[in-house]
Amino acid sequence: MTGSRRSAWGVAGVVLLLSALGALGVAGTMAHKWRGKKQSAATERGAARFARIDVHTHISPDGVERALQIMETWGIAGMVNLSGMSPGPPHHALETQLAAARASGGRIAVFANAGFMKALRMANQGVRADYGNVMAEELVLSKQLGAIGLKIPKGLGLGYPAPDGKRVLPVDDPGLDPLFEKAGELGMPVAIHTGDPKAFWQPADAKNERWDELQAHPEWSFRGQPVPSWEELYAAFERRVARHPKTTFIGVHFGNDPEDPDRVAQMLDKYPNLYIDTAARVPEIGRQDAAKMRLFYEKYQDRILFGTDLGVAAEQDGMMYGSNGANPPTLEDEARYFTSTWRYFETRDKQFESPTPIQGRWKIDGVGLPEAILRKIYFENAVRVLKWRPPSGPVMVPHHAADAVPPPNGPAGK
Ligand SMILES: [Zn+2]
């Protein structure tokens, strides 16, 4: 094994470990007692003025109850869990995520992930060289099980090793073509994350605009790492979208280029199969000129999907609101996250605090979109692109049976 080969699989090992850790959450019981709750809190604070679908969340299997609480509090009708993981042995992680989502009463839909590590290891070991077909076959199963889309994480391009183990697998690797073609055939949109904030390629020092975030997470810096440049990654992303005109892509994090809305616009003009989500990038797009951004939203009102990048776990310490600092986030962070986000889309307020100040020390300006455009971005575009609609009416928040007060003279001992 060469040094570079070892290091490529070392990165992959971390990715694999993370997904295995995710799968460990599977034991959480879903024993719930349901109760209807009046819409009071959300309506009173105006959060429920619009139906909203959050197309970009990461919900752990034990986080469904917490996700429903958030939906009820902040006026969100449904969430898409992009952390579906992949089906089959040894972890059956997708099956677990789908079962957890079913306990939400139709409020949570799930995107599968492709089993990159398993397929690439099989290719590396000479078991099956056609890893793209292996993942395409797996995607058929994921759809049969109930997944509605495919999420490609930034590990593609930045971490997953090529089968030879000598380099990182490029985003536009031809061996993966069958996977992306199959997604199109199955009518499963592909949410794809390529690259990261450009600042993560710059020197990680006090001049870096994401210095706060990089101090809290030094490992997020790609400076000096054996990874492609930001531009190389983006070019490969474009070639991938161009190669599969019958596959619907959702470029997450504002089309993977929130720092440059003009380039995002060019991409949307060029590729009718491309959509974008707004996840965790309101700080970036909120510092652009608001009048210019309003024109962007007007022109691409059918191509933009609302998303947050919310990470949801049973415990508050496991939550993530777009990005986290060194300490676990608080309920105050949650309130700022949602109120600043609504304020960005719905008002023309100037220079207010961004949803995630740790992503940069600047203030943002609201775009104050007209209601018809808000309805599309918050809800209608997601229904059309995902072919999925959460139930209307108030969100039902379940309570663990263990927490419920037993009825007097209940059927004890039966
Ligand atoms: Zn995400």
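Axes here are lines fitted to C-alpha atoms, for helices over the stretch in contact, and angles run from 0 to 180 degrees between N-to-C directions.

**View 1. Helix α5 packs on helix α6.** The model is a predicted one: local features need pLDDT of at least 70, side-chain atom pairs count only at pLDDT 80 or more, and totals for chains, interfaces and linings use all residues. Residue numbers start from 1 along each chain as its sequence is written. Helix α5 covers residues 116–124. Its axis lies 9 Å from that of α6, at an angle of about 145°. Helices (H or I, at least four residues) and strands (E, at least two) are DSSP runs, numbered from the N terminus. The crossing of α5 past α6 is right-handed (near helix turned clockwise from the far one by less than a right angle; left-handed if anticlockwise). On the α5 side, the contact uses A119, L120, M122 and A123. On the α6 side, Y131, V134 and M135 meet them. Contact means C-beta atoms, placed from the backbone, within 7 Å. By class, these residues are seven nonpolar, no polar and no charged (nonpolar: Ala, Val, Leu, Ile, Met, Phe, Trp, Tyr, Cys and Pro; charged: Asp, Glu, Lys and Arg; polar: the others, Gly among them).

**View 2. Helix α6 also meets helix α8.** Helix α6 spans residues 131–145, and α8 spans residues 177–185. Their axes come within 7 Å and cross at roughly 25°. The two helices are therefore roughly parallel to each other (angles under 35 degrees; over 145 is roughly antiparallel, 65 to 115 roughly perpendicular, the rest oblique). This crossing of α6 past α8 is right-handed. G132, N133, M135, A136, L139 and V140 form the α6 side of the contact. D177, P178, L179, K182 and A183 form the α8 side. The contact of α6 with α8 has seven nonpolar, two polar and two charged residues. M135 faces contacts in both views: it meets α5 residues and also α8 residues.

**View 3. Helix α12 has a buried side and exposed residues opposite.** Helix α12 runs over residues 261–270. P261, V264, M267 and L268 are buried (20 or more other C-beta atoms within 10 Å; exposed is 12 or fewer, partly exposed in between). Seen down the axis, these buried residues fall within an arc of 115°, so they line one face of α12. The arc is that of the directions from the helix axis to the C-beta atoms. D262, D269 and K270 are exposed on the face turned away. The buried residues pack against the helices α10 (230–243), α11 (252–255), α13 (282–285) and α14 (290–299). They also pack against β8 (274–277).

**View 4. Helix α3 is largely enclosed by the rest of the structure.** Eight of its 11 residues are buried. These are V64, E65, A67, L68, I70, M71, E72 and W74. R66 also belongs to α3 (residues 64–74). R66 is partly exposed, with 19 other C-beta atoms within 10 Å. Beyond its neighbours within four places in sequence, R66 contacts V312, A313 and A314. P398 lies 332 residues from R66 along the chain, yet their C-alpha atoms are separated by 9.3 Å. Just after α3, G75 has a positive phi of about 70°.

**View 5. P89 and P90 are joined by a cis peptide bond.** Omega is about 5°. P90 sits in the loop between β3 (78–81) and α4 (93–102).

**View 6. H253 and Q351 have positive phi.** Phi of H253, a residue other than glycine, is near 50°. H253 lies in helix α11. With 24 other C-beta atoms within 10 Å, H253 is buried. Phi of Q351 is likewise near 50°, again in a residue other than glycine. Q351 lies in the loop between α15 (331–346) and α16 (371–386). Q351 counts as exposed, with 11 C-beta neighbours inside 10 Å.

**View 7. D333 is a buried residue of helix α15.** D333 has 21 C-beta neighbours inside 10 Å. Y321 is 12 residues away in sequence and 7.3 Å away in space, C-alpha to C-alpha.

View 8. Of its 414 residues, 46% count as buried. Among contacts with a separation of 6 or more, 75% join residues 24 or more positions apart.

Terms used: Contact = placed C-beta atoms within 7 Å.
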